[in-house]
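This report describes the overall make-up of one protein chain and then follows a single part of the fold in detail. The sequence and the model are shown first.

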Amino acid sequence: MNTGLQTQLTHLLERGCQDGAFQFAMLFTDQGLPLAQAGEADDGQMSVVSVLAQDILGRARTDLGLVTVDEVTVRDTRSGIRLVLRPISGWDDGELLLLVGVPGTKTWRRVTSLMTRELQEKLEALSA
């Protein structure tokens with residue numbers, strides 16, 4: 001990936017973290033390759049979280065037959081953190097996965113929808 005695109009993706013994630021008051025935002029491929037991240041994220045922890053997120057999404061699709069999943073959330077009631085995973089189609093015959101950490105009782109859907117839409121537009125511009 002070229003550094004200009006990576007910089008654009010990082011800025012988009014930083015803006016999303018700020019707008020949504022997210023702890024972190026991460027974008028990775030469906031193969032687990034991190035493309036960009038923003039916020040307070042531990043690299044080692046993020047790789048574990050990305051594998052977990054992929055597993056949850058894959059199981060929802062295969063085990064439950066939920067083929068067009070647009071969001072998966074997991075919430076820890078003790079810490080209050082909610083992990084939100086949003087798949088984005090159109091990346092090299094696969095998809096990108098947007099993962100955000102939402103603290104406490106913060107809302108996320110509006111901001112993650114905007115982030116997803118902007119990422120999709122960037123992908124479409126690349127393939128045009």
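## Fold and strand pairing

Three helices and five strands make up the secondary structure of the protein chain. Read from the N terminus, the elements follow the order α-β-β-α-β-β-β-α. The model is a predicted one.

**The chain as a whole**

The radius of gyration of the protein chain is 14 Å, which agrees with the value near 14 Å that a compact globule of 128 residues would have. Along the principal axes, the C-alpha atoms occupy a box of roughly 45 × 35 × 30 Å. Of the 128 residues in the protein chain, 41% are buried. Among contacts with a separation of 6 or more, 52% are between residues 24 or more positions apart.

The protein chain carries 12 positive and 17 negative side chains, and 9 Å lies between the centres of the two sets.

Ala 21 sits in the loop between α1 (3-20) and β1 (24-29). Ala 21 is not a glycine, yet its phi is positive, at about 55°. Ala 21 counts as partly exposed because its relative accessibility is 35%, a value between the 20% limit for buried and the 50% limit for exposed.

**β1 and its two partners**

Six of the six residues of β1 are buried. In a regular strand, side chains alternate between the two faces of the sheet. In β1 both faces are covered: one side holds the buried residues Phe 24, Met 26 and Phe 28, and the other holds Ala 25, Leu 27 and Thr 29, also buried.

Which strands pair with β1, and over how many bridges? The table lists both pairings.

| Partner of β1 | Residues | Sense | Bridges |
|---|---|---|---|
| β2 | residues 34-39 | antiparallel | five bridges |
| β5 | residues 94-102 | antiparallel | six bridges |

On the β2 side, Met 26 has Gln 37 as its bridge partner. On the β5 side, Phe 28 stands opposite Leu 97.

How values were computed
Residues are numbered from 1 along each chain as its sequence is written. This is a predicted model: local features need pLDDT of at least 70, side-chain atom pairs count only at pLDDT 80 or more; totals for chains, interfaces and linings use all residues. Side-chain values use heavy atoms; hydrogens and water are left out. Helices (H or I, at least four residues) and strands (E, at least two) are DSSP runs, numbered from the N terminus. The radius of gyration is taken over C-alpha atoms; the globule rule is 2.2 Å times the number of residues to the power 0.38. Buried means under 20% relative accessible area, exposed over 50%, partly exposed in between (1.4 Å probe, protein chains only). Contact means heavy atoms within 4.5 Å. Lys and Arg count as positive and Asp and Glu as negative; His and the chain ends are not counted. The place of a charge is taken as NZ of Lys, CZ of Arg, CG of Asp or CD of Glu. Two strands pair if DSSP finds at least two bridges between them.
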